[in-house]
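Dear colleague,

I am passing on to you the structure we spoke of, with its sequence, and I would be glad if you could look through it alongside my notes.

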Amino acid sequence: MTRSALIVSCSVALLITVPLSGCGKSKTPNAAAAASGEARSVRVTKVEMKSLSGGIAASGLLVSREEAAAGSELVGYRVAKVLVEEGAMVKQGQPLVQLDDTLLRAQIDQQKALLQQQTLAAQLAQDEARRVAGLEGRGVLSDEQIQQRRFQAETAKAALAAQTAQLKEFLTRQDRMMVRAPVAGRVLERTVRPGDVSGGGTYFKIARGGLVELDAEVPELDLARLDLGDKADVTLPSGRVLEGRIRLISPKIDVQSRLGRVRIQLPLDPELRPGGYAKAVFMGSAKPVRVVPEAAVRFDADGASVMTVDAKGKAKQVPIKTGQRSGGYVEIVQGPGAGDTVVLGAASFVINGDTIRPYQAAPVKSAN
């Protein structure tokens with residue numbers, strides 16, 4: 001065979017071989033199903049009700065559960081003694097500050113003398129009024145003189161009442177020369193010094209009962225899952241962990257941060273200082289919520305979504321709002337209901353409107 005004939009023969013053989021090899025190429029089952037118009041087999045799972053472990057984490061400042069102010073409403077008296085310091089634990093009614101009552105005691109002595117004098121004057125006027133009783137029209141005294149004596153008796157009586165009231169005021173002031181603790185608790189702040197002149201201000205701030213709480217900030221979505229009395233593990237800056245309980249959940253959300261406030265009641269502990277920082281994990285928040293495996297959630301420019309499957313095998317993309325994640329699951333805050341079927345595998349080649357042949361996937365194994 002000549003060289004030219006050999007080249008032509010090889011070319012023909014090559015042209016015949018290429019289509020034959022293309023026709024013999026193998027196909028995957030789903031590709032074959034797609035080519036033939038049959039529904040593809042796709043793994044699916046159900047939206048479940050499940051308690052996610054780990055709880056909700058939050059942080060905030062330690063604050064006094066309730067603060068009481070101690071001071072004096074008296075004005076113009078010098079502070080003689082300050083009897084307690086910041087940090088001290090005080091009892092209700094315990095003396096805190098002694099004001100100088102030297103001038104007041106002199107005023108009380110003077111007022112007692114005036115009261116005694118007025119008592120005698122009132123008694124004399126009353127006796128004079130009794131002597132003229134029943135003498136009207138007899139000519140012994142004029143009616144005008146009789147009325148005048150009666151008026152003097154009433155005036156002396158009113159003056160006696162005024163002097164008595166003045167003495168009570170001085171005695172009340174004397175009782176308040178000692179400033180006492182309005183509640184039992186820990187002294188948080190002291191602003192008074194010996195020698196200061198009283199002006200009706202606040203001398204001390206006291207944490208009622210010495211109780212300190214954590215004022216934690218919680219995201220709006222998590223706030224709905226908390227209840228009064230739920231337990232919380234609170235970690236202090238030192239690393240110590242105290243167990244607390246939710247005492248108060250704020251009825252409003254901050255419009256800027258979308259955070260709500262939760263007050264966590266803590267046990268009495270000297271390490272708790274208002275103004276300090278602490279973290280909390282709410283352990284009692286593990287209530288059943290709607291969840292799907294993480295692999296079922298898709299993310300694109302429009303946000304998170306899942307692909308649901310109806311009874312006829314039709315796929316539909318549904319946008320969702322997600323919550324906490326734990327153990328391979330994602331909480332669905334807004335989206336399909338419990339028991340709905342969703343495609344498992346965010347990267348599955350399933351688009352909106354596809355008809356598929358679903359088969360149930362094995363349960364997700366928790367990472368915890």
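This is a predicted model: local features need pLDDT of at least 70, side-chain atom pairs count only at pLDDT 80 or more; totals for chains, interfaces and linings use all residues.

The protein chain has 368 residues, of which 31% are buried, and its secondary structure comes to 5 helices and 24 strands. Its accessible surface is about 22,000 Å², with 54% of that area belonging to carbon and sulfur atoms.

Helix 3 covers residues 102-131; with its 30 residues it reaches 45 Å from the first C-alpha to the last, which is close to the 44 Å expected at 1.5 Å a residue. Its buried residues are L104, I108, Q111, L115, Q118, A122, A125 and A129. Q111 counts as buried because its relative accessibility is 5%, where the cut-off for buried is under 20%. Leaving aside its neighbours within four places in sequence, Q111 is in contact with Q163, Q166, L167 and F170.

The largest nonpolar core has 25 residues, and those that touch the most other members are L96, V97, L99, Y203, F204 and I206. At least two residues of this core come from each of strand 4 (67-71), strand 5 (75-82), strand 7 (95-99), helix 3, helix 4 (143-175) and strand 11 (202-208). For V97, if residues up to four places away in sequence are not counted, the residues touched are V79, K81, L83, M177, M178, V179, V192, Y203 and F204. There is also a second, separate core of 21 residues, which includes A232, I246, A278 and F282.

As for the strands, 4 of them form an open sheet in the order 8-7-5-10, with antiparallel pairing. Strand 8 (178-180) and strand 10 (197-199) are the edge strands, each of them pairing on one side only. On average, and with direction ignored, neighbouring strands of this sheet are turned by 45° against each other. Strand 5 and strand 10 run antiparallel and are joined by 2 bridges, and R78 stands opposite V197 in strand 10.

With best wishes

Note on methods
Residues are numbered from 1 along each chain as its sequence is written. Side-chain values use heavy atoms; hydrogens and water are left out. Buried means under 20% relative accessible area, exposed over 50%, partly exposed in between (1.4 Å probe, protein chains only). Accessible areas come from the Shrake-Rupley method with a 1.4 Å probe; for residues, only the protein chains shown count as cover. Contact means heavy atoms within 4.5 Å. The expected span of a helix is 1.5 Å times one less than its number of residues. A nonpolar core is a set of buried Ala, Val, Leu, Ile, Met, Phe, Trp, Tyr and Cys residues joined through side-chain atoms within 4.5 Å. Two strands pair if DSSP finds at least two bridges between them. Axes are lines fitted to C-alpha atoms, for helices over the stretch in contact, and angles run from 0 to 180 degrees between N-to-C directions.
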